Amino acid sequence: LTAFLNGQFAPLDTLQVSVMDRGFLFGDGVYEVIPVYNRQPFRLEEHLQRLENSLAAIALVNPYSRGRWAELIHAIVAAQDFEDQSVYLQVTRGAAWPRNHALPAQVTPTVLIYADELAAPLPAMVEQGVTAISAGDIRWLRCNIKATALLANVLLRQMAVDAGVAETVLFRDGLLIEGSSSNIFVVSQGEILAPPPSHLMLTGITYDLILELAQQHALPYRVCEITEQQVRDADEVWLTSSSKEVLALVQLDDQLVGDGKPGPVFREMHRHYQQFKR
Ligand code: PDD
């Protein structure tokens, strides 16, 4: 796998960064995951806009223009053997001595870009749906930043793995927030409900696309606070992310969602999503 690190293209397994990199020591960095279909990065502008927002939020000067980012990503995509890929990119603040929480005066950011074969959702996951557990949201209050510091997300996701389910759905103060690495939608009485973007969640590129597709196809939708009870009483619950696209959640904790099968609004949205992708 050809990757990019700090201005150089080289095989991923040969790349090395300093142990004093603040990404390593403090989780001081931000990232993006961009799906690639038929060698075309999907929603690239949106991902690069979110990257700019994340960098600005942590006071890290963007090392490249948007055009340069696009060139680098296209070069990485061109260097792989796969038609469908997943591009991972991250920018950390860079290596600085001595270790000190405060931002170093002079530091060069560390930029990594690599791509791997896209792990598309299995047809069975689309047809039968996936299951989830719920948990209280133990993360910080700046979840709108796509930060590489993901320890809480890691622990929350492992709870799902240990329970043999696909995702952990997070609630805070009785309200639906998102999943450990996905956004969550609800369908209630034929209406698609989406939690309002805030500092408590990461607004997915897929989240925005789902609402755009709802608008385009005149599916009723509303962005509003969603209570835990509304999720448990919902006719449908969906999970979205760049890698999972849109999947139906058919069981939450010990309880089936609706009749325990992917619902009609999900199937319609999934179809629109697949059409839009190609
Ligand atoms: N995760 N919320 C969180 C906490 C996420 O980590 C992600 C994505 C999303 C969905 O965002 P998008 O639709 O832009 O993929 C929501 C990525 C895929 C990851 O960490 O691998």
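This is a predicted model: local features need pLDDT of at least 70, side-chain atom pairs count only at pLDDT 80 or more; totals for chains, interfaces and linings use all residues.
Residues are numbered from 1 along each chain as its sequence is written.

An open sheet of six strands runs in the order β2-β1-β6-β5-β3-β4, with antiparallel pairing. Strands (E, at least two residues) and helices (H or I, at least four) are DSSP runs numbered from the N terminus, and two strands pair if DSSP finds at least two bridges between them. The edges are formed by β2 and β4 (40-41); each has a single partner strand, so one side of each lacks a neighbour in the sheet. β5 and β6 pair in the antiparallel sense over eight bridges, and Q90 has L112 in β6 as its bridge partner. Helix α2 (residues 44-57) packs on the sheet and touches β3 (29-37), β4 and β5, its direction making about 175 degrees with that of β3. Helix α3 (residues 66-78) also packs on the sheet, touching β1, β3, β4, β5 and β6, at about 35 degrees to the direction of β6. Axes are lines fitted to C-alpha atoms, for helices over the stretch in contact, and angles run from 0 to 180 degrees between N-to-C directions; contact denotes C-beta atoms, placed from the backbone, within 7 Å.

The largest nonpolar core has 43 residues, and those with the most contacts inside it are F185, V186, I210, V237, W238, L247 and L249. Such a core is a set of buried Ala, Val, Leu, Ile, Met, Phe, Trp, Tyr and Cys residues joined through C-beta atoms within 7 Å. A residue is buried with 20 or more other C-beta atoms within 10 Å of its own, exposed with 12 or fewer, and partly exposed in between. Another core, of 20 residues, lies apart from it and includes F4, I34, L48 and I76.

The ligand is surrounded by 15 residues, of which the closest are L202, G204, I205, T206 and S242; the criterion is a C-beta atom, placed from the backbone, within 6 Å. α6 (205-216) and β13 (236-241) are the elements that give two or more residues to this shell, α6 giving the most, with three.

The peptide bond from W97 to P98 is cis, with omega near -15 degrees. N6, not a glycine, has a positive phi of about 50 degrees.

Key
Two residues are in contact if their C-beta atoms, placed from the backbone, lie within 7 Å.
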